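Here is a short briefing to read alongside your model. Keep the viewer open and follow the topics one by one.

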Amino acid sequence: MAWIDYQKALDRVPHSWIIKSLELIGINNKVISFIKKDMSYWRTRMRLHAENKLIEAEDIKIQCGILQEDSLSSLLFCICLIPLTEQLNRLDTGYEEHKTKTKISHLFYMDDLKLFAKSEEELQKQIQTAKTISDDIDMELGLEKCAKIAFKGGKLSSPTKFSDRHQQINTRARTGENVQYLGIEESEGIQHQQMKERVKQEYSRRLRMN
């Protein structure tokens, strides 16, 4: 398995790629024109409180990235990554579930990507595909938060290095530090019952906040 993290993903996605992605999946031209016009009005402003006075900058046009905590922006970001998930599916790699014979190659939630493969060679192909497409759309991987781990027969095996261009993607798996996916710790030796309780408590805490 490999965990892929994007560096400031929501801030980096190019507006040009948002429009191109909408075109690729066949969104109505009127909707595309509306979104393109809407993005041209995206602005932000910097404010500095100093010595009992407020210093305020002029409007700064947002030329790259999406608006956080905005429902439309979240949808646009997911659409931008559809080509990546389609390309990963075309590789015909992944781990096959024995009972249903369903092959799973990856899980995607916003900018959190987790890859599954039945061999190190397959995993290498998946990582290279993710990196190539990400480079093409000018989205950078946060290598310090990426990790890889291998199990054989249900046991953690000694991780082998990626080729030089991927060598940095392995640090935490190599040292045995747990990796998180959607807030859940994942690695060998996780106490699953304790982890379930932690998830339940966190879920309840967030419900109370809302």
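The protein chain exposes about 14,100 Å², and carbon and sulfur atoms supply 50% of that area. Accessible areas come from the Shrake-Rupley method with a 1.4 Å probe, and for residues only the protein chains shown count as cover. Please keep in mind that this is a predicted model, in which local features need pLDDT of at least 70 and side-chain atom pairs count only at pLDDT 80 or more, while totals for chains, interfaces and linings use all residues. Residues are numbered from 1 along each chain as its sequence is written, and side-chain values use heavy atoms, with hydrogens and water left out.

**Overall make-up**

- The secondary structure of the protein chain comprises eight helices and 14 strands; these are DSSP runs numbered from the N terminus, with helices being H or I of at least four residues and strands being E of at least two.
- Of the 210 residues in the protein chain, 32% count as buried. Buried means under 20% relative accessible area, exposed means over 50%, and partly exposed is in between (1.4 Å probe, protein chains only).
- Among contacts in the protein chain with a separation of 6 or more, 61% are between residues 24 or more positions apart; a contact means heavy atoms within 4.5 Å.

**The second largest pocket**

- The second largest pocket holds about 300 Å³ of space. On a 1 Å grid over the protein atoms alone, a pocket is an open set of points where a 1.4 Å probe fits, with protein on both sides within 12 Å along at least five of seven lines. Grid points are joined across faces, edges and corners, and the volume is the space filled by probe spheres set on the points.
- Its lining residues, which have an atom within 4 Å of a point, are M1, Y95, F116, A117, K118, S119, E120, L123, I149, A150, F151 and K152.
- Two or more lining residues of the second largest pocket come from each of α6 (120-136) and β11 (151-152).
- By class, the lining of this pocket has eight nonpolar, one polar and three charged residues. Ala, Val, Leu, Ile, Met, Phe, Trp, Tyr, Cys and Pro count as nonpolar, Asp, Glu, Lys and Arg as charged, and the others, Gly among them, as polar.

**Salt bridges**

- The count comes to seven salt bridges, each being a side-chain nitrogen of Lys or Arg within 4 Å of a carboxyl oxygen of Asp or Glu.
- One of them pairs E56 with R45, with the closest N and O atoms 3.5 Å apart. E56 lies in strand β4 (residues 53-56) and R45 in the loop between β2 (43-44) and β3 (47-50), so this pair ties together parts 11 residues apart in sequence.
- E56 is partly exposed at 36% relative accessible area, and R45 is also partly exposed, at 41%.
- E56 also meets R47 in a salt bridge (2.5 Å, N to O); R47 is exposed, with a relative accessible area of 58%.
- Another salt bridge joins the side chains of K103 and D92 (3.5 Å, N to O). This pair links distant parts of the chain, with K103 in strand β7 (residues 103-104) and D92 in the loop between α5 (82-90) and β6 (95-96), 11 residues apart.
- K103 is partly exposed at 36%, whereas D92 is exposed at 53%.
- Salt bridges that share partners join R45, R47, E56 and D59 into one network.

**Backbone angles to check**

- Most residues other than glycine have a negative phi.
- E51 has a positive phi, near 50 degrees. E51 sits in the loop between β3 and β4 and is exposed, with a relative accessible area of 72%.
- D92 also has a positive phi, near 55 degrees, in the loop between α5 and β6.

**Two residues of helix α3**

- I32 is found in helix α3 (residues 29-40) and is buried, with a relative accessible area of 7%.
- Leaving aside residues up to four places away in sequence, I32 touches I19, L22, E23 and I27.
- The C-alpha atoms of I32 and K20 are separated by 9.4 Å, with the two residues 12 apart along the chain.
- S40, also in helix α3, is partly exposed at 27% relative accessibility.
- S40 and Q63 are 23 residues apart in sequence and 8.0 Å apart in space, C-alpha to C-alpha.
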